[in-house]
Amino acid sequence: MLLEVKNLRTEFKLKRGTVRAVDDVSFTIDKGEILAIVGESGSGKSVTSLSLMGLIQKPGGVAGGEILFKSQDLTKLSQKELQEIRGNKISMIFQEPMTSLNPVWRIKDQIMENIMTHMKMSKKEALARTVEMLDTVGIPSPAERANDYPHQMSGGMRQRVMTAMALSCEPDLLIADEPTTALDVTIQAQILELLYQMREKFNMAVLLITHDLGVVYEAADRVIVMYCGKIVEEADVKTLFEHPQHPYTVGLLQSIPQIDNESDEHLFMIKGMVPNPLHMPPGCSFSDRCDRCMERCTKEMPELQEINGHKVRCFLYDKAEEGELSAK
Amino acid sequence: MLKYIFKRILMLIPVLIGVSIIVFLIMRVFSPDPAPIVLGQHATQEAVEVWRQANGLNDPIYLQYFHYITGALTGDLGTSYYTKMPVTKEIFARFPATIELALVAIMLASFFGILIGVISAVKKNSIFDNAGMFIALIGVSMPIFWLGILLIIFFSGTLHWLPSSGRIDPLLQPLDITGFYLIDSLMTNNMDGFKDAFRHLVLPASALAMYSMAIIARMTRSSMLETLQQDFIRTARAKGISEGRVIIRHALRNGLIPIVTVIGLQLGSLLGGAVLTETVFSWPGIGAYTVACILKSDFPVVQGVVLLIASIFVLVNLIVDVFYAFLDPRIKYSKKEV
């Protein structure tokens, strides 16, 4: 077990009240595994990833739970100790390659900074490693491009640079927060392919944060679906796509446009909107949007229950029914 | 880049012509006739006429300007009505004092301004932020002569730590090489002179720096607050580098452009002579001298000084613009953009 998150809670203390952006989230990632977290904007997926990195900025903070990375609880570490892990054992690439690189530094300096922070290397060695990493992520003529500034590169190239930087210290875990969202579809595929190759090459685990189910299907081994800061479903990718259980997951999958669907039906939409985090509905947070909402759902929050490795948080599937999960 | 600089220097010419015309007209339209002031209240009408004729003040105004500007182009800015000394000499006798004061003040202002601004931005809404911005508020609102007088009363009067006026003890005055006493005294190995010149600088430079420091601190704070929100700051933190490095090398480095702009503008105006500061501290600089000359209708001196200050202001701004390209690689002064 590389990473084990137990009952993670991250809260933002605002003037109008406390927002619990991540609520009682638990999951594990094995070595070399690609775990995807899917959810809408505001579902808490990005906050989860930033919590792992210890990068939640005030007024937010991790309010409870454990983050066990190689059996070491990251929530108990000081910023200084976390700095030794960040960019080294756990690194991260972000959604916006256009703005995530420092515009006034040459890209080699940005990558070298990462390397020299964590590895005992001379400038010369660090530069050689930088060029090597740029080559690994598929930047043509890396030695010359290393001297470029970010604005001289395209979005896809910048995301490759970000990846090179994140991988430069050979992390055990790469957190990719919407790495393909801001890119063209063709470039998206290239970046996903790159992540896949890098996973193989460095045998690292990847936590892939995305709202794009297509990306999940292509890349992930296992999927977590988040809604309003809570995990609502977790399964391996095949099971989730073939037998989704939670009404929210079912809705998400139905909202994917099908190119071979020749009927004139309108694209499915989940009705309503994500509730205001300061005014959550009592009971299940999805209850006011759910087609199969029962009376009980508006009163109490269902627990996340596991049956044969498939976890779901919904009263439709009660543990009372033994064995197979089946809809009532 | 060189081409850009050259073009900008060429653009100086129309600016300076404009400035020279305006100041020339202002002096002649709004200033009292210099003749009675020079010759005294009881001068006869004939004497006044003779003096006016001799100084070309009876010529048509365009001819006066023509004489003035052709002289200026050859480096002759005329002679002072009072001292009968060439204006260039008068200026260069006083200008180093102003530059020395302005440079020390801007260094103080930049250092403390950026320091306060960065701390305020990083510790936003904390007691440090409030204290820093309170100091800045005092800095922008406190009249400089009042601050100067307070400094003199306290550090000079009560504590007897620092001298209250002048540039240096006349006995320690160094050989005039550059006109900058700090440099001259070092060059002549006159350590006592250096110390004394420095002690004389502390109070006026502090008083003068206060306003600029406040402006720089405010600009630094707002620029840093904006930069700290940027995505690349999060990336820098994700690299595991220290927070100090994130703030200085990533955030401040990116937020510098507006800060440098403000520093440039402040330096430009400080070099124009800090009239109030120079008056309060009896600093023998150009500002107080120019004001005296304006009151005495010493046309050639005022015209010369204004022309010089305008040139310096434009040049400082040019330097700031050129500096942008070093601060931000996205700024390129290529042919197309000029």
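Me: This is a predicted model. Is A:Glu178 buried or exposed?
Reply: A residue counts as buried if 20 or more other C-beta atoms lie within 10 Å of its own. A:Glu178 is buried, with 20 other C-beta atoms within 10 Å. This residue sits in the loop between β7 (173-177) and α7 (185-202) of chain A.

Me: What is the phi of A:Glu178?
Reply: Most residues other than glycine have a negative phi. A:Glu178 has a positive phi of about 50 degrees, although it is not a glycine.

Me: Which loop holds A:Cys228?
Reply: A:Cys228 is in the loop between β9 and β10 of chain A. Its phi is positive too, near 50 degrees, and it is not glycine. The hairpin of β9(A) and β10(A) has two residues between the strands. A:Cys228 counts as buried, with 22 C-beta neighbours inside 10 Å.

Me: Where is the cis peptide bond at A:Pro59?
Reply: Most peptide bonds are trans. The bond from A:Lys58 to A:Pro59 is cis, with omega near 5 degrees. A:Pro59 lies in the loop between α1 and β4 of chain A.

Me: Now the sheets. How do I read a strand order, and what is the order in the open sheet of eight strands?
Reply: In chain A, the eight-strand order is β6-β7-β8-β3-β9-β10-β12-β11, and the pairing is mixed. β6 (90-93) and β11 (305-307) of chain A are at the edges. Each has a single partner strand, so one side of each is left without a neighbour in the sheet. Direction ignored, neighbouring strands of this sheet are turned by 20 degrees against each other on average.

Me: How many residues of β10(A) are buried?
Reply: Six of the seven residues of β10 (residues 230-236) of chain A are buried, so the strand is mostly covered. β10(A) also pairs with strand β12 (residues 310-312) of chain A, antiparallel, over two bridges. A:Glu233 stands opposite A:Val312 in that pairing.

Me: What is the order of the open sheet of four strands?
Reply: The order in chain A is β2-β1-β4-β5, with antiparallel pairing. The edges are β2 (17-29) and β5 (72-73) of chain A. Each has a single partner strand, so one side of each lacks a neighbour in the sheet. Eight bridges join β1 (residues 3-14) to β4 (residues 60-69), both of chain A.

Me: Which strands does helix α1 of chain A lie across?
Reply: Look at both sheets. Helix α1 (residues 45-53) lies across β1, β2 and β4 of chain A, at about 75 degrees to β2(A). α1(A) also lies across β3, β6, β7, β8 (205-210) and β9 of chain A, at about 145 degrees to β7(A).

Me: On to chain B. At what angle do α5 and α9 of chain B pack?
Reply: For a helix pair, read angle, distance and handedness together. α5 (residues 87-122) and α9 (residues 191-228) of chain B pack at about 35 degrees, with axes 5 Å apart. The crossing of α5(B) with α9(B) is right-handed. The contact has 23 nonpolar, seven polar and two charged residues.

Me: Which residues of chain B does UniProt list as "transmembrane region"?
Reply: An unreviewed UniProt entry lists 9-30, 101-122, 134-155, 197-217, 255-276 and 305-327 of chain B. Residues 134-155 of chain B are 91% helix and 0% strand, with end C-alpha atoms 22 Å apart. Residues 305-327 of chain B are 100% helix and 0% strand, with end C-alpha atoms 32 Å apart.

Me: How many residues of chain B are in contact with chain A?
Reply: 19 residues of chain B are in contact with 24 residues of chain A. On the chain B side, α10 (231-238) and α11 (243-271) each supply at least two residues. α10(B) gives the largest share, seven residues. By class, this side of chain B has six nonpolar, six polar and seven charged residues.

Technical notes: Residues are numbered from 1 along each chain as its sequence is written. Chains are lettered from A and ligands numbered from 1 in the order in which they are written. This is a predicted model: local features need pLDDT of at least 70, side-chain atom pairs count only at pLDDT 80 or more; totals for chains, interfaces and linings use all residues. Two residues are in contact if their C-beta atoms, placed from the backbone, lie within 7 Å. Ala, Val, Leu, Ile, Met, Phe, Trp, Tyr, Cys and Pro count as nonpolar, Asp, Glu, Lys and Arg as charged, and the others, Gly among them, as polar. Axes are lines fitted to C-alpha atoms, for helices over the stretch in contact, and angles run from 0 to 180 degrees between N-to-C directions. A crossing is left-handed if the near helix is turned anticlockwise from the far one by less than a right angle, and right-handed if clockwise. UniProt positions are given in the numbering used here, feature names are shortened, and annotations may be inferred rather than shown by experiment. Two strands pair if DSSP finds at least two bridges between them. A residue is buried if 20 or more other C-beta atoms lie within 10 Å of its own, exposed if 12 or fewer, and partly exposed in between; C-beta atoms are placed from the backbone.
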